[in-house]
Amino acid sequence: MQIQELKLLNYRNFKKIDVTFYDNLNVIFGKNGSGKTNLVEAIYVLALSRSFKQINDKSLILKGENLTKIEGILNNNYQTNYKVIITDEGKKVLINNNRVTKISDYISKLNIVLFNPNDLRMIKDTPSIRRRYLNISISQMDVLYLKNLNDYNKLLKIRNSYLKQMMLNGNLNKDYLNIVTEKLVDIGLKLVSVREEFIKKMNQLMASFYDKIAQSGSLELEYKSDYKNKNREELLSLYKKNLEKDMSFGKTTMGPHHDDIKFLLDKMNLKDYGSEGQQKNTVISWKFSEIAFIKEKLGVTPILILDDLLSELDIEKIKNIFELIENDIQTFITTTEIEKLDFLLKKHNSKKFLVESGSIREVRN
Ligand SMILES: Nc1ncnc2c1ncn2[C@@H]1O[C@H](COP(=O)(O)OP(=O)(O)O)[C@@H](O)[C@H]1O
Ligand SMILES: [Mg+2]
């Protein structure tokens with residue numbers, strides 16, 4: 001899968017640009033604040049209809065304007081035109097100029113794997129952030145998972161509000177609660193089994209990528225879940241046992257909404273013991289593993305974006321990472337330090353693009 005042409009109108013700091021990319025490696029360089037992240041963010045939005053940053057869609061519109069348009073021509077055996085239009089009122093997505101009303105139909109078409117320095121949160125931050133990464137990664141490959149996840153979250157809300165009512169009113173109908181709990185467990189078990197499978201596979205892939213990048217240390221993933229190794233009946237009786245507790249908290253204290261992933265390097269938790277470099281290498285390994293997984297499962301090669309990956313990494317690691325970028329993956333790398341890359345670029349089929357004062361242009365050697 002390759003993006004051939006990208007057109008932006010009133011997108012962040014870009015008034016109007018139209019750029020043709022290269023099928024292999026695209027190096028986007030420019031000063032800090034010039035718009036490199038904005039540019040790769042636009043490619044991400046084109047694919048997934050929303051930013052990887054947790055922001056309101058409206059922040060994507062150039063200040064002072066009321067509409068932004070992101071348009072791309074993608075090549076995946078044949079050419080397809082994708083478009084995302086965001087206005088003050090809302091968002092529209094189109095494929096070949098036909099409106100697609102179900103967002104999930106749109107986002108399942110394009111696959112993208114993006115690294116941004118914020119992704120270190122995957123290691124450093126709370127379990128809820130890790131679950132977010134887990135959910136996004138799996139959803140890209142499995143539309144049914146996304147549907148189940150949404151259903152689970154709806155049921156959880158219903159259960160929690162009923163628990164609160166029970167606490168206030170005392171003798172509410174327990175049959176209703178039981179029905180909701182059973183449904184919650186049934187969908188929860190589905191989520192957990194997909195997550196378990198995903199992490200098992202990622203564990204294998206990541207260990208090997210980590211080794212190739214860092215060349216020391218053995219990386220392991222561990223899946224943490226209340227549901228692990230428990231069947232439906234065991235879970236239902238646990239929910240019964242927890243009822244008093246759940247009522248007093250006014251929420252469901254057990255379930256896949258508490259799942260977590262542990263990243264272990266040589267058996268030590270990277271969150272507490274890992275260096276910045278080790279954490280970064282782990283996140284990069286995750287991204288390359290995602291690509292391998294998507295390739296295997298969906299039979300398509302996603303677009304890879306490495307935003308600001310190279311700062312703070314030593315040349316050896318950068319070399320190792322470049323070795324992992326295969327020729328069939330269209331890749332975007334942003335950097336402020338183009339000189340640092342020049343010697344590597346000689347070996348790769350690549351094109352360089354300079355981002356400067358709201359414009360982008362190819363720069364030849
Ligand atoms: N909606 C917007 N309208 C106008 N400018 C914006 C908007 N959003 C962000 N910017 C500008 O984009 C710039 C940051 O661009 P960014 O892509 O993060 O730079 P970098 O090249 O360092 O990655 C900032 O100067 C910011 O003010
Ligand atoms: Mg940036």
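Colleague: By class, how many residues of the shell around ligand 1 are polar?

Modeller: This is a predicted model, in which local features need pLDDT of at least 70, side-chain atom pairs count only at pLDDT 80 or more, and totals for chains, interfaces and linings use all residues. Residues are numbered from 1 along each chain as its sequence is written, while chains are lettered from A and ligands numbered from 1 in the order in which they are written. Ligand 1 is surrounded by 14 residues, a residue being near a molecule if its C-beta atom, placed from the backbone, lies within 6 Å of it, and the closest are Asn13, Lys36, Thr37, Asn38 and Lys63. With Ala, Val, Leu, Ile, Met, Phe, Trp, Tyr, Cys and Pro taken as nonpolar, Asp, Glu, Lys and Arg as charged, and the others, Gly among them, as polar, the shell holds 2 nonpolar and 3 charged residues, and the number of polar residues is 9.

Colleague: Which helix gives the most to the side of domain 1 that touches domain 2?

Modeller: The domain assignment, which is automatic or from a database, gives domain 1 as 1–111 + 300–365 and domain 2 as 124–298, and their centres, taken over C-alpha atoms, are separated by 30 Å. The contact takes 14 residues from domain 1 and 13 residues from domain 2, where contact means that two C-beta atoms, placed from the backbone, lie within 7 Å. The residues on the side of domain 1 divide into 8 nonpolar, 5 polar and 1 charged. Helices (H or I, at least four residues) and strands (E, at least two) are DSSP runs numbered from the N terminus, and the element that gives the most to this side, with 4 residues from the stretch 315–324, is helix α11.

Colleague: Which are the edge strands of the open sheet of 6 strands?

Modeller: The sheet has mixed pairing and the order β8-β12-β13-β3-β14-β15, with strands said to pair if DSSP finds at least two bridges between them. At one end, β8 runs parallel to β12 (residues 303–307) over 4 bridges, and Ile112 stands opposite Ile303. At the other end, β14 and β15 pair in the antiparallel sense over 5 bridges, with Lys352 bridged to Val363. Each of the edge strands pairs on one side only, and they are β8 and β15.

Colleague: At about what angle does helix α12 run to β3?

Modeller: Axes are lines fitted to C-alpha atoms, for helices over the stretch in contact, and angles run from 0 to 180 degrees between N-to-C directions. Helix α1 (residues 36–48) lies across strands including β8 and β12, and runs at about 150° to β12. Helix α12 (residues 338–345) lies across β3, β13 and β14, and its angle to β3 is about 165°.

Colleague: Is Thr282 buried or exposed?

Modeller: Thr282 lies in helix α10 (residues 276–298) and, leaving aside neighbours within four places in sequence, is in contact with Ile123, Tyr210, Leu219, Phe263 and Leu270. A residue is buried if 20 or more other C-beta atoms lie within 10 Å of its own, exposed if 12 or fewer, and partly exposed in between, with C-beta atoms placed from the backbone. Because 25 other C-beta atoms lie within 10 Å of Thr282, this residue is buried.

Colleague: Is Asn97 buried or exposed?

Modeller: Asn97 lies in the loop between β6 (91–95) and β7 (98–99), and its phi is near 65°, a positive value in a residue other than glycine. Because Asn97 has 8 C-beta neighbours inside 10 Å, this residue counts as exposed.
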